[in-house]
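Subject: Structure handover

Hello,

Here is the structure you asked about. Please open it and keep it beside this message while you read.

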Amino acid sequence: MRDISGERVQEAVAGCVALLRTAADRDWTAVRAGRLEWDCQATAFHIAEDLIAYAANLAGRAQDDYVPFEITLDEGTDNEGLLHVIETTGALLTATIRITPREARGFHPYPFRSANRDGFAAMGVAEVLLHTHDIAEGLGLAYEPPSELPEFVLTTIFPRVQPGPDHWRTLLWATGRGDLPGRGPVTEWRWQNNLVIPTDRLTLQGVTPAAAADLSAGGDGGFSWVVGGPFEGTRDAAGMVLKAYEAGVHRPEFGLFVLVRKEDDLAVGGMGFHGAPDEEGRAEVGYDLVEGARGRGYASEALRALSEWSLARDDVQLLCATIDTGNLPSQGVATRAGYVRATVEEERTAHEERDMDPALRLYIRRRG
């Protein structure tokens, strides 16, 4: 999966500036930007503020809060000068993304307090597209970005939004700026960067719909893998993520995670859930490792961390893993991660009520 995030920022900024330059001779302070309370000039400056803030947080690897600085315009800066500032801050974010390692993360408050370079790129593109739309609406200009730009935003930081027939109108709807047939109006919204869970030797990195599509199609999902990866089970799980996303039922915190080794930033396997918890708070886990990474305790370490994270939530009461009778290594992974073999009655119930394959054994870990 080729990294295109920097290109997307560059393309979004170029489209914004090209459009707004056609109206640079107008008074932007006299016109409100679409549905916003800001005028068009303030909104354009906000684009630049966001771009430089994202570049700074990613470049400086901010961890606990935004890098504490602001930018200002020189007194008397006209619209053309403001567009030059947008071009410059866009170039800085683009350059930062291109030189930042994939594993590096910087601070962003929602929802998991960090984002990687793809996340910052998608947030930057979203700010440019949406606020260019707002300014264009205020100035009476026609604006529609190339389809790949809103698609990049949606599949990277809007994993809960079901795809629509048109990426741009879906993004406008998802951010309260338009309507979609068959969907109610959106009055509150947030984007969502991927969840990352650290362990001593690994990071469990949530797979976005964009990465899942690439993995399920035979790509690397944007990860660097040890020789032999990704394994078939990870590709199958990515397909499940993509199917849930397309159906509008994807819960990213109960999706797929790629296990990345800290010592060399190489992906060694996949782990995740078969879906969100049911009404009883029960969720099923699954995992696999690339063959060359087995026998080192990675799977048990990752499963323990993922289980503890999920069981700390109010909506999870019990986790289960179904394992083939003869798969002793996988059974060992589960038991070392705190799972125990289910009782005969629990297995019988699973076979009868949940249509569990009789050749599988049930391992469970309860909350508390």
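Start at Asn-57. Its relative accessible area is 1%, below the 20% cut-off, so Asn-57 counts as buried. A word of caution before going on: this is a predicted model.

**Around Asn-57**

Asn-57 sits in helix 2, which covers residues 40-59. What does the side chain of Asn-57 reach? It comes to 2.9 Å from the backbone oxygen of Phe-107. Phe-107 is also among the residues that Asn-57 touches, leaving aside those up to four places away in sequence.

**Helix 4**

Is helix 4 mostly covered or mostly exposed? Mostly covered: 20 of its 23 residues are buried.

Asn-116 caps the N-terminal end of helix 4. A side-chain oxygen of Asn-116 lies 3.1 Å from the backbone nitrogen of Asp-118. After helix 4 comes Gly-140, with a positive phi near 75°.

**Backbone points to check**

Most peptide bonds are trans, and most residues other than glycine have a negative phi.

- Tyr-110 and Pro-111 are joined by a cis peptide bond, with omega about -10°. Pro-111 is in the loop between helix 3 (79-99) and helix 4.
- Gly-229 and Pro-230 are also joined by a cis peptide bond, with omega about 0°. Pro-230 is in the loop between helix 7 (209-216) and helix 8 (232-247).
- Arg-61 is not a glycine, yet its phi is positive, near 50°. Arg-61 lies in the loop between helix 2 and helix 3. Its relative accessibility is 34%, so Arg-61 falls between the 20% and 50% cut-offs and counts as partly exposed.
- Asp-265 is another residue other than glycine with a positive phi, near 60°. You will find Asp-265 in the loop between strand 3 (256-261) and strand 4 (267-273). At 33% relative accessibility, Asp-265 counts as partly exposed.

**Strand 8 and its partners**

Strand 8 covers residues 360-366 and pairs with strand 6, residues 318-324. The pairing is antiparallel, over seven bridges. Strand 7 (residues 340-341) also runs antiparallel to strand 8, and two bridges join them.

Which residue of strand 8 is the bridge partner of Cys-320? It is Ile-364. Val-340 stands opposite Ile-364 as well.

**The whole protein**

Now step back. The protein has 11 helices and eight strands. Its radius of gyration is 23 Å, close to the 21 Å that the globule rule gives for 368 residues, so the protein is as compact as a globular protein of that length. Along its principal axes, the C-alpha trace spans about 75 × 45 × 35 Å.

Buried residues make up 51% of the 368. Take the contacts between residues at least 6 apart in sequence: 67% of them join residues at least 24 apart. The protein exposes about 16,900 Å², and carbon and sulfur atoms supply 50% of that area.

Best wishes

Methods. Residues are numbered from 1 along each chain as its sequence is written. This is a predicted model: local features need pLDDT of at least 70, side-chain atom pairs count only at pLDDT 80 or more; totals for chains, interfaces and linings use all residues. Side-chain values use heavy atoms; hydrogens and water are left out. Buried means under 20% relative accessible area, exposed over 50%, partly exposed in between (1.4 Å probe, protein chains only). Helices (H or I, at least four residues) and strands (E, at least two) are DSSP runs, numbered from the N terminus. A polar contact is a pair of N or O atoms within 3.5 Å; within protein, one must be able to donate a hydrogen and the other to accept it, and residues adjacent in sequence count only if both atoms are side-chain atoms. The radius of gyration is taken over C-alpha atoms; the globule rule is 2.2 Å times the number of residues to the power 0.38. Contact means heavy atoms within 4.5 Å. Accessible areas come from the Shrake-Rupley method with a 1.4 Å probe; for residues, only the protein chains shown count as cover. Two strands pair if DSSP finds at least two bridges between them.
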